[in-house]
Amino acid sequence: MVKPGSRAKLAGRDPDNTFGYTKDKAEQALQKHQAKLSELQELLYAEKKHALLIVLQAPDAGGKDGTIRHVMSGVNPQSCSVTSFKVPTAEELGHDFLWRVHKAVPINGDIGIFNRSHYEDVLVARVHKLVPKSVWSARYRYINDFEYMLSENCVKILKFFLHISKDEQKKRFEERLADPCKMWKATPADFEERKYWDDYVAAFEDVLTRCSVKPAPWYVIPANKKWFRNLAISQIIVEALQSLDMKFPKLNFDPKKIVVK
């Protein structure tokens with residue numbers, strides 16, 4: 001976790017780190033977390049006092065889709081949604097940058113996952129100078145205020161930065177180009193973005209530093225090893241849901257008096 005108020009330096013965080021886990025041990029633990037997450041999701045849905053918002057940010061090929069597919073494989077899709085924020089539409093550009101984001105926040109009882117998020121407006125917008133610095137630099141405060149407001153309205157926010165190395169990104173791009181089943185994911189624009197790697201690192205570090213706040217901290221996940229990425233994120237989600245101390249709602253009838261004919 002990026003400690004609120006501290007400076008986040010990605011150079012000091014090893015994207016290959018597995019904290020002593022082996023692949024087999026991690027996959028066994030992941031299965032337990034998936035089962036527990038399924039139980040906790042049912043409790044979240046039944047109680048309907050909280051919502052869970054998961055924010056995923058990463059460089060291209062960082063593993064956002066894979067994280068969703070593996071970590072959330074056991075959840076009920078009825079109360080779990082994924083929102084991918086693409087290039088804003090004309091309507092969205094006519095509003096403040098958080099307008100489209102607020103609409104996608106999950107309701108009480110649900111889990112919402114942002115595959116990319118409002119942070120694109122201080123990442124891509126900054127790196128490619130889509131708006132002046134005076135505009136994007138003010139957005140850190142707006143984002144913090146927005147997340148404080150959500151947390152005070154019973155939305156539990158978990159933000160994960162999937163930390164991969166530039167070499168690992170290159171490897172994954174090459175694998176996509178060589179696999180007919182993955183080629184569709186590759187676009188020339190993705191490869192062009194590699195030219196801006198250092199700019200993105202600086203932008204991500206500012207996001208992690210300025211927007212890791214007490215109710216919505218950032219977690220930097222070593223993500224070169226996909227199996228460790230899945231383990232770490234699943235464990236954090238399970239622990240966060242357990243911290244809500246949820247309970248099934250009390251019945252407004254006596255089940256002992258019900259006779260099923």
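Which element supplies the largest share of the lining of the largest cavity? Helix H2 supplies that share, with three residues. The structure is a predicted model in which local features need pLDDT of at least 70 and side-chain atom pairs count only at pLDDT 80 or more, while totals for chains, interfaces and linings use all residues. Residues are numbered from 1 along each chain as its sequence is written, and side-chain values use heavy atoms, with hydrogens and water left out.

**Figure 1. The largest cavity and its lining.** One cavity of 30 Å³ or more is counted, and the volume of the largest cavity is about 40 Å³. A cavity is a set of points, on a 1 Å grid over the protein atoms alone, where a 1.4 Å probe fits but cannot get out; lining residues have an atom within 4 Å of a point. Grid points are joined across faces, edges and corners, and the volume is the space filled by probe spheres set on the points. The lining consists of Ile54, Leu56, Thr67, Ile68, Val71, Met72, Ile113, Ile233 and Ile237. At least two lining residues come from each of strand S1 (51-57), helix H2 (64-71) and helix H11 (226-242). Helices (H or I, at least four residues) and strands (E, at least two) are DSSP runs, numbered from the N terminus. Eight of the lining residues are nonpolar, one is polar and none is charged. In this classification, Ala, Val, Leu, Ile, Met, Phe, Trp, Tyr, Cys and Pro count as nonpolar, Asp, Glu, Lys and Arg as charged, and the others, Gly among them, as polar.

**Figure 2. Ile54 in the largest nonpolar core.** A nonpolar core is a set of buried Ala, Val, Leu, Ile, Met, Phe, Trp, Tyr and Cys residues joined through side-chain atoms within 4.5 Å. Of the 37 residues in the largest core, Ile54, Met72, Phe160, Ile237 and Leu241 touch the most other members. The elements giving two or more residues to this core include H1, S1, strand S4 (155-163) and H11. H11 provides the largest share of this core, 10 residues. A second, separate core of 35 residues includes Ala8, Leu10, Val101 and Val105. Leaving aside residues up to four places away in sequence, Ile54 touches Met72, Ile111, Gly112, Ile113, Phe114, Leu158, Phe160 and Ile237, where contact means heavy atoms within 4.5 Å.

**Figure 3. The salt bridge between Arg7 and Asp206.** Side chains of opposite charge can pair when their charged atoms come close. A salt bridge is a side-chain nitrogen of Lys or Arg within 4 Å of a carboxyl oxygen of Asp or Glu, and 14 are counted by this rule. In the bridge between Arg7 and Asp206, the N to O distance is 3.0 Å. This pair links distant parts of the chain, 199 residues apart: Arg7 lies in the segment before helix H1 (23-47), and Asp206 lies in helix H10 (residues 197-210). Arg7 is partly exposed at 46% relative accessibility, whereas Asp206 is buried at 15%. Buried means under 20% relative accessible area, exposed over 50%, and partly exposed in between (1.4 Å probe, protein chains only).

**Figure 4. The salt bridge between Glu39 and Lys36.** The closest N and O atoms of this pair are 3.5 Å apart. Glu39 and Lys36 are separated by about one helical turn because they stand three residues apart in helix H1. Glu39 is partly exposed at 48% relative accessibility, and Lys36 is partly exposed at 31%.

Terms used:
1 Å grid on protein atoms, 1.4 Å probe; cavity = no way out; pocket = protein on both sides within 12 Å on 5 of 7 lines; lining within 4 Å.
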